Amino acid sequence: MTRARIAQILKSGEPGTTVDVRGWVRTKRESKQDFAFLEVNDGSCMANVQIVVDANLPDYASLIKQIHTGASVAVVGEIKASLGKGQRIEVHAHSLKVLGTADPATYPLQKKGHSFEFLREKAHLRPRTNTFGAIARVRNALCAAIHAFFQARDFLYVQTPIITTSDCEGAGQVFQVTTLDLARLQQSKSPLDYSHDFFGKKAGLTVSGQLEGEIFATAVGDVYTFGPTFRAENSNTTRHLAEFWMVEPEMAFYELEDNMDLAESFVRTIVKDVLERCPEDLAFFNERIEPNLIASLENIVNHDFIRLTYTEAVEILLKSGHTFEFPIEWGKDMQSEHERFLTEQHFKQPVILTDYPREIKSFYMRCNEDGKTVRAMDVLVPRIGEIIGGSQREERHSVLIDRMKECGLVPEDYWWYLELRQYGTVPHSGFGLGLERTVQLVTGMTNIRDCIPFPRTPKSADF
Ligand code: ATP
Ligand code: MG
């Protein structure tokens with residue numbers, strides 16, 4: 001007999017059928033009338049299946065004594081209509097096997113709720129809780145929706161390297177990758193020589209697949225990458241990780257307006273998909289985590305995003321009369337508090353800001369004629385702020401060289417990137433969406449560390 005998933009049994013299990021259920025016990029209740037109820041969960045859905053164990057079962061007393069919260073069991077039994085309230089059906093055990101016990105004196109996940117801080121220290125067990133099981137399912141649904149969105153539009157999924165020798169943002173937030181013997185280097189007086197390193201030059205973990213994405217976009221048109229991204233930024237915030245997943249579409253022949261249209265339709269479509277696929281999990285988040293969650297997600301799905309320039313946004317912030325921790329002025333980067341004010345209080349909608357000052361944006365963004373701004377676009381959403389950063393890329397060879405120099409980069413280091421502009425250059429655009437910030441948006445979880453299975457942050461990379 002093959003194992004049945006509990007989600008399937010609860011949805012469509014018919015009384016009278018025999019099923020094989022395996023999972024972890026959430027609670028055990030012993031009744032005086034000589035039977036026991038086990039609430040068993042296998043992670044396939046939020047709800048548990050109720051197992052009724054009759055005292056006539058061989059070895060009843062010794063089996064029940066072994067079972068506590070956290071134990072793993074295998075049950076073969078018959079589905080019956082449930083007389084109790086709260087569930088349609090239950091399973092009456094014909095056989096019950098304890099696969100693994102869990103000592104109640106030491107098992108960390110007891111019935112009472114635990115704080116998310118505590119659960120972060122138990123990352124090996126937290127997926128067994130309601131909240132983290134639901135996050136895992138929602139994250140999975142988001143990944144499927146992301147691929148479905150691009151595949152339906154004939155984008156090619158391209159894999160860009162994780163180890164790279166080009167620093168995309170030029171921001172020096174790169175984790176170095178080396179096989180040099182650091183202990184020996186420290187002792188010797190000789191200067192660092194990367195020609196002895198594994199790749200013969202300084203290498204690091206990728207901060208973005210964009211530059212390589214552009215190679216494929218300018219050959220096959222529409223592509224996307226979807227993979228892990230690493231940034232050694234020492235910012236201990238609730239929306240930064242040192243290792244996160246980013247989706248980066250890159251499109252030839254797209255100008256900024258096309259890029260905004262795609263980004264908006266992308267966010268609205270994947271949110272809609274998750275609302276449809278995970279109603280039970282979202283209802284849980286709405287009840288336990290963020291009371292306004294489902295309404296805010298439906299608002300995203302059903303309304304056009306607001307579009308305005310950075311300059312217009314700064315004016316709104318200055319006129320708002322609101323006191324910010326970091327005062328804003330034209331030329332300064334927006335902080336999360338400014339982004340959230342715009343999308344939560346002022347517009348009450350997701351917002352796309354465009355045309356940022358060139359001083360605060362990367363070298364590859366297309367320069368505007370005003371000499372002051374670039375064709376950047378950030379998508380801002382309630383509760384988080386920036387969820388997407390993107391731009392139209394600078395496709396003019398000589399302008400790009402000047403801009404690299406202005407940013408303190410050495411054009412020769414980017415020789416292949418420049419050749420894309422030398423040979424058959426085309427207007428093109430792209431953006432990056434952070435997966436974990438999207439999980440935050442869709443679940444209402446306030447800390448990004450709870451939106452990835454194994455978070456990496458400054459001083460923390462356990463599990
Ligand atoms: P921020 O200003 O919020 O630090 P950024 O402008 O540095 O973000 P981009 O380089 O534009 O980020 O990256 C594109 C997207 O990747 C962001 O909009 C965000 O969703 C996500 N992202 C960037 N950095 C991180 C990080 N450290 N942890 C998690 N997600 C991130
Ligand atoms: Mg950005």
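I started with Phe149, which is buried, at a relative accessible area of 2%. Buried means under 20% relative accessible area, exposed means over 50%, and partly exposed lies in between (1.4 Å probe, protein chains only). Phe150 counts as buried too, at 0%.

I note that this is a predicted model, where local features need pLDDT of at least 70, side-chain atom pairs count only at pLDDT 80 or more, and totals for chains, interfaces and linings use all residues. Residues are numbered from 1 along each chain as its sequence is written, chains are lettered from A and ligands numbered from 1 in written order, and side-chain values use heavy atoms, without hydrogens and water.

Next I looked up aromatic pairs. Rings of Phe, Tyr and Trp (its six-membered ring) pair if their centres lie within 6.5 Å; planes under 30 degrees apart are stacked, over 60 edge-to-face, the rest tilted. I found 19 aromatic pairs in the structure. Phe149 and Phe150 make an edge-to-face pair, 5.1 Å centre to centre with 90° between the planes. Phe284 and Phe285 have ring centres 5.6 Å apart and planes at 75°, so this pair is edge-to-face. Both Phe284 and Phe285 are buried.

I then checked the cluster around these names. One aromatic cluster takes in Phe149, Phe150, Phe155, Tyr157, Tyr224, Phe266 and Phe431.

Last, I looked for charges over rings (NZ of Lys or CZ of Arg within 6 Å of the ring centre and within 35 degrees of the ring normal). The charged end of Arg153 sits over the ring of Phe149, 3.6 Å from its centre. Arg421 lies over the face of Tyr417, 4.1 Å from the ring centre.
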